[in-house]
Amino acid sequence: MIENTLSSPTAAARPGLRGSIGVTGIVFLVIAAAAPLTAVAGSLPVMIALGNGAGAPVTYLVVAVILLVFSVGYATMSSTITETGAFYAYVTRGLGRSPGLGAAALALLAYTTIQAAIYGLAASTTATVVARFGGPDLPWWLWAFVLMGIVAVLGYRSIDLGAKVLGVLLLAEIALIVILSGAVLARGGAHGIDVSSFTPSAFFSGSPGIALMFAVGSFIGFEATAIYSAETKNPTRTIPVATYLAVITIGVLYAVASWAVVLAFGSDDVQASALTHSADLTLLTASEYLGSAIADVMTVMLVTSLFAALLAFHNAIARYTHALAGGGFAPRRLAAVHPRHGSPHVGSLAQTGTALLLVAVFAMAGADPVLQLFTWMAGVATVAMLAVMVLTSLAVIVFFARSDADTRLWHTKIAPVLGGLGLCAMTALVIANFTTLIGGSRILANVLLALIGCTFVAGTIFGRMAGRPRNRRV
């Protein structure tokens with residue numbers, strides 16, 4: 001049995017990641033990656049228009065329940081794993097090094113592509129907002145590089161600083177979402193309060209598969225609860241509690257907010273309205289129920305919401321590369337920890353370089369930052385992360401079947417199996433609707449799906465060819 005998939009004889013001599021982040025800070029980082037205001041104001045209108053219309057609220061709850069069940073085994077296993085690699089570490093511990101490195105490759109692909117996608121959306125949104133309020137009309141890619149520079153500075157510093165910045169931004173956007181939802185519910189929406197959005201018929205109306213894709217995408221990043229285990233005060237308690245709180249908070253927040261938007265236009269009319277106003281449905285709701293000034297504030301805060309997501313994903317990628325380097329599967333330099341900040345500063349710089357390269361390629365190709373950079377990369381990220389979660393679910397099942405670390409039936413067998421089956425079903429639905437998700441051709445969809453498959457295969461082959469690293473105990 002592997003005692004510690006990421007440990008090494010020299011680990012004690014090498015400075016480790018440091019931080020004093022608690023449950024609240026971890027939850028902030030996870031929800032920031034979900035970018036609540038971006039999901040509610042950006043993705044939700046498209047989800048309603050192309051998916052199951054008024055059934056959007058129950059779709060968020062369905063995904064949240066599946067992830068909660070999955071999280072039972074995941075959180076239970078977290079008491080035996082405190083490495084930074086999160087899903088990578090879990091798959092390695094349960095299924096072995098080769099599948100673990102395949103999962104790591106998929107996770108890096110998912111986080112790298114979703115961050116590139118958000119750079120495209122954030123830059124486009126920033127350019128629009130600045131021009132709207134009388135600022136200079138600059139190209140989107142210039143704003144992308146400005147945002148990248150700010151993220152690089154914060155990512156280089158201590159995780160505590162990043163968590164504080166995210167906390168302030170996150171509280172502001174959540175408060176705005178709650179105020180908007182409360183205003184709609186207080187006034188009874190367009191035609192009164194009804195709960196038809198939470199019925200099975202609403203969920204299965206229209207295209208529930210497409211709605212599930214958007215809902216799943218809204219939860220990407222929740223594994224960050226384990227990514228920061230080495231920088232928490234008490235990982236064995238913090239990680240499980242933070243995982244449950246993050247999933248429940250995201251699920252409830254999105255369900256209530258989407259219900260409010262549905263009621264604002266009426267359950268029977270919201271899909272038609274979303275088809276007509278797919279870019280500003282939520283902003284129209286804010287203008288109607290809170291006034292035009294608040295709608296302007298929401299428009300500006302879309303930028304800060306996207307920035308919070310960028311910083312959260314940047315931190316996650318830097319820690320993945322740190323974990324891989326610490327295990328001997330990436331250049332050793334990436335395992336370096338800043339002597340004062342206690343951050344994976346070299347991995348952070350490397351991640352900035354990767355983001356710069358991806359955005360630069362799309363910019364030089366003259367690609368649209370939303371229709372191509374955001375759409376294509378977000379589609380890849382959704383499928384890749386679902387695949388990683390399926391592997392993690394299997395790893396949890398295998399780990400507890402071979403270990404007596406925990407013998408509770410629900411925590412170690414029933415919940416992991418049910419969660420895994422739910423994830424498999426969601427993955428199948430996403431792949432079946434992948435062409436629609438990326439807004440491209442079948443050929444493009446096949447190419448991107450092949451890229452995901454090849455990434456996992458390459459990581460697995462590397463794991464087999466790498467041999468047993470000298471710095472690894474078995």
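User: What span should helix α2 have, and how far apart are its end C-alpha atoms?
Analyst: In this predicted model, helix α2 covers residues 36–50, which is 15 residues.

User: At which residue does α2 have a kink?
Analyst: The kink in α2 is of about 45°. It lies shortly before the proline P45. The residue at the kink is S43.

User: How many residues of α2 are buried?
Analyst: Buried means under 20% relative accessible area. Among the buried residues of α2 are S43 and P45, and also L37, V40 and I48. Helix α2 is largely enclosed by the rest of the structure, because the number of its 15 residues that are buried is 12.

User: How many salt bridges are there by the rule used?
Analyst: One of them joins D296 and R132. Another is formed by E288 with R187, and R408 forms one with D406. By this rule the count comes to 3.

User: How far apart in sequence are the parts that D296 and R132 tie together?
Analyst: D296 forms a salt bridge with R132, with the closest N and O atoms 2.6 Å apart. D296 lies in helix α14 (residues 292–326), whereas R132 lies in helix α5 (residues 97–132). The pair therefore ties together parts whose separation in sequence is 164 residues.

User: Which helices does the pair E288 and R187 link?
Analyst: The closest N and O atoms of this salt bridge are 3.7 Å apart. The two residues are 101 residues apart and link distant parts of the chain. E288 is in residues 281–290 and R187 in residues 159–187, which are helices α13 and α7.

User: What separates the C-alpha atoms of G422 and V62?
Analyst: G422 is placed in helix α17 (residues 409–432). Its relative accessibility is 14%, so G422 counts as buried. G422 and V62 are 360 residues apart along the chain, and their C-alpha atoms are separated by 9.7 Å.

Note on methods
Residues are numbered from 1 along each chain as its sequence is written. This is a predicted model: local features need pLDDT of at least 70, side-chain atom pairs count only at pLDDT 80 or more; totals for chains, interfaces and linings use all residues. Side-chain values use heavy atoms; hydrogens and water are left out. Helices (H or I, at least four residues) and strands (E, at least two) are DSSP runs, numbered from the N terminus. Buried means under 20% relative accessible area, exposed over 50%, partly exposed in between (1.4 Å probe, protein chains only). A salt bridge is a side-chain nitrogen of Lys or Arg within 4 Å of a carboxyl oxygen of Asp or Glu. The expected span of a helix is 1.5 Å times one less than its number of residues. The bend at a residue is the angle between axes fitted to the seven residues ending there and the seven starting there.
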